[in-house]
Amino acid sequence: MRRYFQAHQIEVLTNCPIKQILLKLETSGRLAKWAIELGEHDISYHPRTSIKGQALADFLLEIPDEGGSIKEKVWAVEGAPTDSNSWTLYTDGASSREGSGAGLILTSPEGEEVTYALRFDFHTSNNEAEYEALLAGLRLAKQIGAKAVTALTDSRLAANQVNGSFKVRDQRMGRYVKMVKQLVKLFRQFTIKQIPRSENKREDALSKLASTCFDHLSKKVLVEVLRERSIDEQQVNALTTTGPTWMTPFREYL
């Protein structure tokens, strides 16, 4: 958006003394670099007035309720017993200029881990990479034979959209959510939760390694290259027989 910022005056509403910090004569190091980069824009700083509901939002942010801010939803097949031996699925996706990738760790009830890495041969956003990681983890759990899965992700958007707390406004995100719910039906029980990024460091590092190169990954890590998005359906054309043609004798000969 640099060209748009250069064409218009920018008003920054903030209660922080950003202008005074950037205009200090003794500014050096990183602050001096920022001041030079921002100097090409026509920026004016104004104090931010109170926003309706801001006090309540700040209060909820600082003192969350005991149940957490995200509603957890448990999918269970009717008539199936609740499975306490649930597999735990940690997922994370990463997207950068060098590429996109995903990392996941599937842990059995006995504590055995299956580490998996994906690299995407197509451009994805961070949200799409998170969904691709979740879908890959669900497919892996189904292949292993897991009946109950608890998915843990640091993506607030993915966790809330799958739980139904957030409305899905983007069409592509809607297709991802639909595919996740289709895979969820294959398990007797499924739960998805959001966890802090600090508790997802291994998967985050794995996804970043997968987004750049597979050479640094251990031999214990299962790796795969995904050629196309999970939501992209392959076009299949129906073939109709029209009787003998000029190719018929050649095909019979071969």
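User: Which helix gives the largest share of the nonpolar patch?
Analyst: This is a predicted model, in which local features need pLDDT of at least 70 and side-chain atom pairs count only at pLDDT 80 or more, while totals for chains, interfaces and linings use all residues. Residues are numbered from 1 along each chain as its sequence is written, and side-chain values use heavy atoms, without hydrogens and water. Helices are DSSP runs of H or I with at least four residues, strands are runs of E with at least two, and both are numbered from the N terminus. The largest share of the patch, three residues, comes from residues 30–38, which form helix H3.

User: How much accessible area do the residues of the nonpolar patch have together?
Analyst: Like charges are joined within 9 Å, and nonpolar side chains (Val, Leu, Ile, Met, Phe, Trp, Tyr) within 5 Å. Areas come from the Shrake-Rupley method with a 1.4 Å probe, and for residues only the protein chains shown count as cover. Ile 21, Leu 31, Trp 34 and Leu 38 together have about 330 Å².

User: Is Trp 34 buried, exposed or partly exposed?
Analyst: Trp 34 lies in helix H3. Buried means under 20% relative accessible area and exposed over 50%, with partly exposed in between (1.4 Å probe, protein chains only). The value for Trp 34 is 42%, so this residue is partly exposed.

User: How many of the eight residues of helix H6 are buried?
Analyst: Among the buried residues of H6 are Ala 158 and Val 162. Helix H6 (residues 156–163) is largely enclosed by the rest of the structure, because its buried residues number six.

Note on methods
Patches are made of residues with over 30% relative accessible area and no salt bridge: like charges are joined within 9 Å, nonpolar side chains (Val, Leu, Ile, Met, Phe, Trp, Tyr) within 5 Å. A salt bridge is a side-chain nitrogen of Lys or Arg within 4 Å of a carboxyl oxygen of Asp or Glu.
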